[in-house]
Amino acid sequence: MAGDRTPATDEDPSVLRQRLAVELAHAVVRAEKRLGRALDRAELARRLNVSPSSLYAYLNGTTLAGVGVFDELLVALGVGGPEAGRLSTLRDRAEAARRLRPAAARATVGTSGPPPSSRVPHQLPPSLRNFVGREPELRRLDGLLEPDSVAAVRPVVITTIEGTAGVGKTSLALHWARRVEEHFPDGQLHLNLRGFDSGVPMSPAEALHDLLQSLGVTPDAIPARVTAAAGLLRTVLAGRRVVVVLDNARSADQVRPLLPGGPGSLVIVTSRNRLDGLVVRDGAFRVTLDVLPRYAARALVEGQIGADRLADEPRAADELVDLCARLPLALSVAGARAALEPKGSIGLFVARLRQANARLGILELKDADVNLRSVFQGSYALLPPPVARLFRLLGCHPGPDLDATACAALLGEQAPPDELLDALTAAHLVRQHAPGRYVLHDLLRLYARELADDGPAAERATAVERLLRHYLSAARRADRRLEPWRRTPVEPTGTEPPVENHAAAMAWFEAELGTLQAVIALAARSEGLESYTWRLAQACAVYLRRSGRRFQRGLVHEIARDAAAKAGDRRAWASATRRLADALSRLDRSDEALSLLYEALRECRRLGDDDGARQVRLSLVRVYAARGDHRRALPQARLALAMAERTADPLPLADGLSALAQEQERSGDHAAALVHGRRAFDLYAELGHLDGQAAILLTTGRAEQSSGRHAAAIGTYERSLALDRAVGDRYREAHALDHLADAHAALGHDRDAYALRREALDVLRTLHHPDAARISAKLPDAPISQ
């Protein structure tokens, strides 16, 4: 279409652009008349593969479209024949006039041959064929180039694209630079600053030399001093609209001499480091990349393996995405390797990749720039020794995330290493995903673990033990806040986070639950450190019970039981077995629970552990009661009370009285239940035992209600409910609400009963507890009218 274009060279470019804009406006009006509707600008922009803001700039004469885009625009508007040739020639005349007008106004500096301004570099490497995702980041970047954003009154636009190794910074930079290159008709420059290569990074002097040569300055005219060369670069770029991609920058100091000085140009800098200096001093717009969202990660793999093969093995494809931590480089390597496997074998490839010790090896390629270990090494090698040591020791931490106090424990220090963590965050080797909490993605964690395993064995072993000691001390301190009436032993390490009250303790357990589970598993497989397993499980028991974490509760006590058996500690084994049975009972696995409890009872007898046997009896009461077998529960309660009476400890006595009162109430002996229940309540009150008070109040409330004293029962249940909420026991809170509803219903308070029952149901559904079905069945088919 534009083959016969013969641009003029002596016209006013602004006049020509406005003439072109008027012509295009007429073409748009004619196109809308043919369509019978307004032209959808957003759809037209998508068709041309440009941003809406770029299309707006083309149509109003702010920016000239490139030759290819302009031709496609004419086709989309239905402009053809001689008219298309006339508009194409007008566009070329405007571009030629724009290029030559600044050249005539500037003196050429140190050139032989064409002046620098007449040389238009096009250095952008090809962007990725299957670029995926990053829609939010692209929208933010497009916002920089809204109409007038690169007008003559605006300074040079600088954006930094930062993130960890392999996260796709360069891909995004090149993709966006290609997307907006029509805004910058004077050229596109690209330079790899080699900030993280194994060799020496590019110096500012070398970078300036390359950029100036690309712009037409002869080598002998380039000053040796960096400041002079930087000034020359600003002079050559003055009045020009150029996009400059500076890839793999190590620091702001490496980049700053390469920045244009005048308005109209755009600089895109990519770095694994956080370039705070460019943001603070130079006004750079920061974009920080995380790993890809799941849909985009899957699309990236699909682009390499093929949609049909992924559809044949969808679960294997999803696991492949997870094992690669949604890191674009890892996904690309894994996709390339999986594509070579025979059809139907993605699952086999994933099975090999699943082995943590082999994963980084499988994701290795010979080319250093796509070799994960080499890429990670490029960042690790630049860390100062103290920072590198912390990163290496993070490989000893098994949890999903950690806080600064755990980092201090790994290092054997008491003060949180905030400066070291900030350095790792600035290098994008860790990410602060919540206030005070840090995370590494899975592949960086594997790399850190390799570094720790390959380092001194004593360093790793010492770090692991310090970590276990830290979490045990912190968990016991938090547990003491949950039950201050118990004498929980705490051996301070100096690294524990501050946990000042009950709410803070619940919040700490909530934040650390995933880590605590991982640390318990780590202790179980660490020879000589198994005792931390059951001690940690015990420290978590109250929180797990109160928060309704039934499955996690069973899991940690099962691990503790196995670890105690492995270590040969029979007393710990019996205690862990009892706790596991309690957890299984809450999971409606009462047959297994009973079998375990009788095993534990036999072991306690062999050991002469009377207190352990008493606690097993109390657990038997709970399991038999849950089964509705009160004929067997009542004798166990009497035995537990008799054993408690032989001690001088008021807590076992209160527990025994509470268990007996509970079974007496359920057996219909309400008067005896009230007597024993009130005695138990008084003992619990003297101890400050809120948990025990709440539980026995439920029992006495049931006894009062069964005796026809519904109003008294309501008061008792309300006291129990208040205590349940104070200690955070969600399961018992639901049952207190249900009992309150029963008492209100007995008095004819149907609306109150309905509201309380709905509240109980909501709590149980939040806990995913099977008792929700029983509560739901008690609700009427329609809400009680108000």
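**A tour from helix α33 to the cores and cysteines**

Begin by selecting helix α33, which is largely enclosed by the rest of the structure because 14 of its 17 residues are buried (under 20% relative accessible area with a 1.4 Å probe, protein chains only, where exposed is over 50% and partly exposed lies in between). This is a predicted model, in which local features need pLDDT of at least 70 and side-chain atom pairs count only at pLDDT 80 or more, while totals for chains, interfaces and linings use all residues. Residues are numbered from 1 along each chain as its sequence is written, and side-chain values use heavy atoms, with hydrogens and water left out.

Helix α33 covers residues 690–706 and reaches 24 Å from its first C-alpha to its last, close to the 24 Å expected at 1.5 Å a residue, that is, 1.5 Å times one less than its number of residues. Helices are DSSP runs of H or I with at least four residues, numbered from the N terminus. After α33, select Gly-708, whose phi is positive, near 85°.

Next, select Phe-391 and Leu-443, which touch the most other members of the 144-residue largest nonpolar core (buried Ala, Val, Leu, Ile, Met, Phe, Trp, Tyr and Cys residues joined through side-chain atoms within 4.5 Å). Helix α24, residues 502–524, gives the most to this core, with 11 residues. Apart from it lies another core, of 32 residues, including Leu-189 and Val-242.

Finally, select Cys-407, which is buried at 0% relative accessibility. Cys-407 is in no disulfide (a pair of cysteine sulfur atoms within 2.5 Å), and the nearest cysteine sulfur, that of Cys-396, is 12 Å away.

How values were computed:
Helix = DSSP H or I, 4+ residues; strand = E, 2+ residues; numbered from the N terminus.
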